[in-house]
Amino acid sequence: MHRFRIPWSLFPVFRHSLRHAGTPRAVLVGSSWPAKMAAPAVKAARAWSGLALGLRNAVLRLPGLTQVRWSRYGPEYKDPHIDKEYYRKPLAELTEEENYERELRKTQLIKAAPATKTCSVFEDPVISKFTNMMMKGGNKVLARSLMTQTLEAVKRKQFEKYHAASAEEQATIERNPYTIFHQALKNCEPVIGLVPILRGGHFYQVPVPLGDRRRRFLAMKWMITECREKKHRRMLMPEKLSHELLEAFHNQGPVIKRKHDMHKMAEANRALAHYRWW
Amino acid sequence: TMLKGMTRLISRVHKAKHGEQHEGQHYNIPLQDLKAVFPHGLPPRFVMQVKTFNEACLMVRKPALELLHYLKNTNFAHPAVRYVLYGEKGTGKTLSLCHIIHFCAKQDWLILHIPDAHLWVKNCRNLLQSTYNKQRLDQPLEASIWLKNFKTANERFLSQIKVQEKYVWNKRESTEKGSPLGEVVEQGITRVRNATDAVGIVLKELKRQSSSGIFHLLVAVDGVNALWGRTTLKREDKSPIAPEELALIYNLRKMVKNDWHGGAIVLTLSQTGSVFKPRKAFLPQELLGKEGFDTLDPFIPILVSNYNPKEFESCIQYYLENNWLQHEKAHTEDGKKELLFLSNTNPGQLERLCAYL
């Protein structure tokens, strides 16, 4: 709901780009709340939520929506296909649809691929997102090096445990830092969240089911804030992060505690659930 | 590939029998040996790897094999030959040096190993004016640390070698002629003020007595370009100190001259710890400067380069056998091609890449 703002004035939105003069930008003129809330987020063409291209155009042309985060590309720009296997398929093997799509893409306008998205086999969108969230002041080099040092620290700790453990325990110890990372973040995701809703001059914290993306974001945000604030002055981030990730992997530690606190608050404010209208 | 499963030398082949057919394969160093022979001198990332895998495995590579061949055929009556290992960053110069040192230790040579000469020309807190020579400066901390490690590495020789001169430390203490070298080392460790002089004495005695034939001397210096360059150290009046004015460096330069016989001198150039040298410099002329190059002049340069495909494959197999590459895609052909591209077959880069994959 924070993605669409309500301009209290009734002026139409100023049309910035003459390049996209043909494409209509959605303008808000006093339409009702449900219509706005029901519309899905427009920045949808990503790996996680796959909105069909047609629906995206329809949404853009829906009246009653202003986008806060918009791109300079018009709706006719298609997303780039970053996949070596897709392009390596010999022409004989393609089906009808794929052939049609290939021909279509030859004439369509395509957006530039972001610098962070590669066709590397080792690429992981979750790790990239986490690195971006850890980044401060645009220093991606530092953030990436911290991330790699954290993964290395997790791996070395697990190897030590492995060598110290007996034969039966060795089967249970997980040494892959990527599975540990994914599982830890999954364990930290809250199921239900609180949202401040204005009623009668007061803000009430209303329990609300969270979407996938919001949950992932909260898990990562909590992990990063926890590691930044609650550590000794001289302790380095990779050390602290690796420790927290391992604890979260085993469902212990302060981040899991924060998730449980959130759940308990939501349970306590159960009575206010009626204030939610979506 | 043909090396699958053969990356380890299955029988513990004696180092003396390493030959060209073993190129690309790893050999194991037992951990007790490691502590005895290398109290200092292993690169820190290698130490971490040894701790993680619980075993120390070095790859046998061409530069080391070449050097071993030369060392096996040294003529101890001729003056000591200087070998200089040079190459770009991360190609394995320090580990090749460690391979040579391990070989010589197994052959019962006396190892004089300076792990990193750059540590002696920068970041030095306490500099004392030398008691022996008023113009020079002492570094008590570095000297005492080095003496401790030297003692651990060469225990058995310290009682055999006898000092050939009387040394007076101060009014109360002196070392008589004919007492074992161990006493000088002890004196340096306990009396930190005289540690630098103790180091100087050790070097002088070893140089004099190496010709006698009781032992073979291997002088191994890592980062030898620190001896002829500039230092980052300054006196109290902020005037810069030249390397000659440091007693440790002065004595070490005398050691590296080839006016003695009965051993060999193996040196490594290193840009990584150096001061005031450009990052891309790796050739001997660039790193040693005119003065250093002229002093070292007749030397045998040995280039240490990146992995060739066979060695790269062997390294990946070694990591896979130890389950170090945990990423699922790292086992595939695509993953290996990507690692090859990202690391450019540079051993250091490959190690750093595989650490987080």
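User: Which feature does UniProt place at residues 116-270 of chain A?

Analyst: The unreviewed UniProt entry places the feature "domain: Small ribosomal subunit protein uS7" there. UniProt positions follow the numbering used here, feature names are shortened, and annotations may be inferred rather than shown by experiment. This is a predicted model, in which local features need pLDDT of at least 70 and side-chain atom pairs count only at pLDDT 80 or more, while totals for chains, interfaces and linings use all residues; side-chain values use heavy atoms, leaving out hydrogens and water. Residues are numbered from 1 along each chain as its sequence is written, and chains are lettered from A and ligands numbered from 1 in the order in which they are written.

User: How much of residues 116-270 of chain A is helix, and how much is strand?

Analyst: The chain is 64% helix and 10% strand over these residues. Helices (H or I, at least four residues) and strands (E, at least two) are DSSP runs, numbered from the N terminus.

User: Why is A:Val141 called exposed?

Analyst: Buried means under 20% relative accessible area, exposed over 50%, and partly exposed in between (1.4 Å probe, protein chains only). A:Val141 has 68% relative accessibility, and therefore counts as exposed. This residue is found in helix 6 (residues 140-164) of chain A.

User: What makes B:Ile300 partly exposed?

Analyst: Its relative accessible area is 29%, so B:Ile300 is partly exposed. B:Ile300 lies in strand 11 (residues 300-303) of chain B.

User: Which residues does B:Ile300 touch, not counting residues up to four places away in sequence?

Analyst: B:Ile300 touches B:Tyr70, B:Val81, B:Arg82, B:Tyr83 and B:Val84 on that basis. Contact means heavy atoms within 4.5 Å.

User: How many residues of chain B are in contact with chain A?

Analyst: There are 25 residues of chain B in contact with 18 residues of chain A. B:Gln326, B:Glu338 and B:Tyr356 supply 32% of the area that chain B buries against chain A, more than any other three residues.

User: What area do chain B and chain A bury between them?

Analyst: The two chains bury about 2,000 Å², 54% of it on carbon and sulfur atoms. Buried area is the accessible area (1.4 Å probe) that two parts lose on being put together, summed over both.
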